[in-house]
Structure formats: structure tokens, C-alpha cells
Amino acid sequence: MSQQLGNSHRRFLQTLMTCGSVDEPGARSLHQHCCETHNTQYVPDQLDNFINAINSKLQPLFMQIRKGMSEESGQQHYALVNMAETEVTRMSSDYTENELELFRKTIDLIVASDNGLALSTDILNSADTLTTKKLKKTETEQLLKRLVQDKWLCEKQGEYTLSTRCIIEMEPYIRTMYPEQVKVCHICHNIVFQCQTCENPVCGVKIHFPCVAKYFRGRSVRRCPACDDAWEHEVPEMKRRSRSQSRR
């Protein structure tokens, strides 16, 4: 028998819907806050069970809270996913038709790139090729700010990549639209954009930066897990959090 949803579950879901996505420490803090606010027993290690109870009620609505990894930090994030809609049109209530077209073109640029990034100049140039109403430069810049603010894109020094929220929510769309271009991480088997690539041209497997750090941690000899050639890249350093830190 599935667990009945209480006000603590509803508050958690409503907050997640409002903020778009939340990282694991934030989800644990939100779990505690919701339980304490509604006088519900709070058990720190029961976050997954708490979310599973919500998902059991969301299933008939073709909705699900899913977890995914940040390609930059390796941090786990939670986002609410609409399983019935795999199109970018799910964002139509927040963005106009031409804004969505530019967002699609931005995804095109990111997927086609070798490093999972799109330059702001390339996105601005794409605004001139819209088949819907064209966007001015200032309008495009404002749109990009909104997409970052709404957690669909991430930006650093004029380079844009898909946010963790976007990858979690849009993965079915991305896999459908770019079946030949999308690559999968050899370690975690999720789609990958920002990564390291085996330099053996016959191999060429891709691995997320956090997965690289985890896989090679403690190994004195670094070899490709697929072809056994030397792994020539510098292994990135990722912060390791204790379990107590992750529960805050």
C-alpha cells in the first residue's frame, strides 16, 4: 500500500515546482523544513522514501521527481519532470514562440559542440535566423538572463551550457532530437556534454568530469576503462562531502 501524502509532502512538491530544481543538500534541508513545519516525523535518511511517496501519487499524472548529476560539480539535483511532454513546448506558458525557438537553437549549438558549450556571440547570431519573429540583440541578452535565472542554462564568461535541471527534464527530448549526436558517459551511462574524451581515435569514449574524478581516485596508473590506453587528461579535483554535510 502506498504511503498517504501529508502537508509536508505537498509543501515539498510545491516548493520544487516553484524553484525548478534543488541540489541534494537543499533537498535534505527542504525535507527537514517541511516535516518540522507540519509536525511530521523527520528521519534524515528517509529523503528517498519521502520522494518515492510523492512520486507514487504523481505517476497517474505522468509526473515524476527525478534525480540527476551536475556535470560541473558532481552534486546530485532533484527536478520535477513532465513524462507526458518531451517537447520544449512544455515551457510555452513562460516563454513566447520566438523565445522557445532561440532556446532550441541554443540547444542545437550546445549538442553540436565538442565541449558542451555555446558562445554568446553564436547565440546572438542565431537570433537573426529565427523563422518566427526575430529578436533584437537586447531582447536576446535579456532572454539569456531569464533562461539562466530560471535554471535552464548556466553561464560563465560568455559561455552557455545546459543546466542540471535542463538535462534532467529535457533528456527525452534531447535523445529524440539528436540521436546521432548525443553521447553517453562510459561510467554513469547518462547523457554527457561537458566531459573528457579518450584520445585513442578508435575508442573516443566520453566521461563526465565528476565521473573521471571518482573513477581514477586512488589509482596510481590511469588507463581508459574502455580500451585500456593511457588516460592523458589531467584528472579534475572534486570536493568530497561527508554524509553529515550532505544531510544539512
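Q: Which residues in helix 3 do Ser 8, His 9, Phe 12 and Leu 13 in helix 1 meet?
A: Ground rules for this predicted model: local features need pLDDT of at least 70, side-chain atom pairs count only at pLDDT 80 or more, and totals for chains, interfaces and linings use all residues. Residues are numbered from 1 along each chain as its sequence is written, and side-chain values use heavy atoms, leaving out hydrogens and water. Helices (H or I, at least four residues) and strands (E, at least two) are DSSP runs numbered from the N terminus, and a contact means heavy atoms within 4.5 Å. On that basis, Ser 8, His 9, Phe 12 and Leu 13 meet Leu 47, Phe 50, Ile 51, Ala 53, Ile 54 and Leu 58.

Q: How many nonpolar residues does the contact of helix 1 with helix 3 have?
A: Here Ala, Val, Leu, Ile, Met, Phe, Trp, Tyr, Cys and Pro count as nonpolar, Asp, Glu, Lys and Arg as charged, and the others, Gly among them, as polar. In the contact of helix 1 with helix 3, no residues are charged and 2 are polar. The nonpolar residues come to 8.

Q: What is helix 1 relative to helix 3: roughly parallel or roughly perpendicular?
A: Axes are lines fitted to C-alpha atoms (for helices, over the stretch in contact), with angles from 0 to 180 degrees between N-to-C directions. Under 35 degrees is roughly parallel, over 145 roughly antiparallel, 65 to 115 roughly perpendicular, and the rest oblique. Helix 1 (residues 7–19) and helix 3 (residues 47–58) pack at about 85°, their axes 10 Å apart. That angle makes helix 1, relative to helix 3, roughly perpendicular.

Q: Which residue in strand 3 is the bridge partner of Lys 67?
A: Strand 2 and strand 3 run antiparallel and are joined by 7 bridges. The partner of Lys 67 in strand 3 is Tyr 78.

Q: What is the N to O distance in the salt bridge of Glu 24 and Arg 28?
A: A salt bridge here puts a side-chain nitrogen of Lys or Arg within 4 Å of a carboxyl oxygen of Asp or Glu. Glu 24 and Arg 28 both sit in helix 2 (residues 24–37), 4 residues apart, or about one turn of the helix. Both are buried, and their N to O distance is 3.0 Å.

Q: Is Glu 99 buried or exposed?
A: Glu 99 makes a salt bridge with Arg 146, with the closest N and O atoms 3.2 Å apart. This pair links Glu 99 in helix 4 (residues 97–112) to Arg 146 in helix 6, 47 residues apart. Under 20% relative accessible area is buried, over 50% exposed, and in between partly exposed (1.4 Å probe, protein chains only). Glu 99 has 14%, so Glu 99 is buried.

Conventions
Two strands pair if DSSP finds at least two bridges between them.
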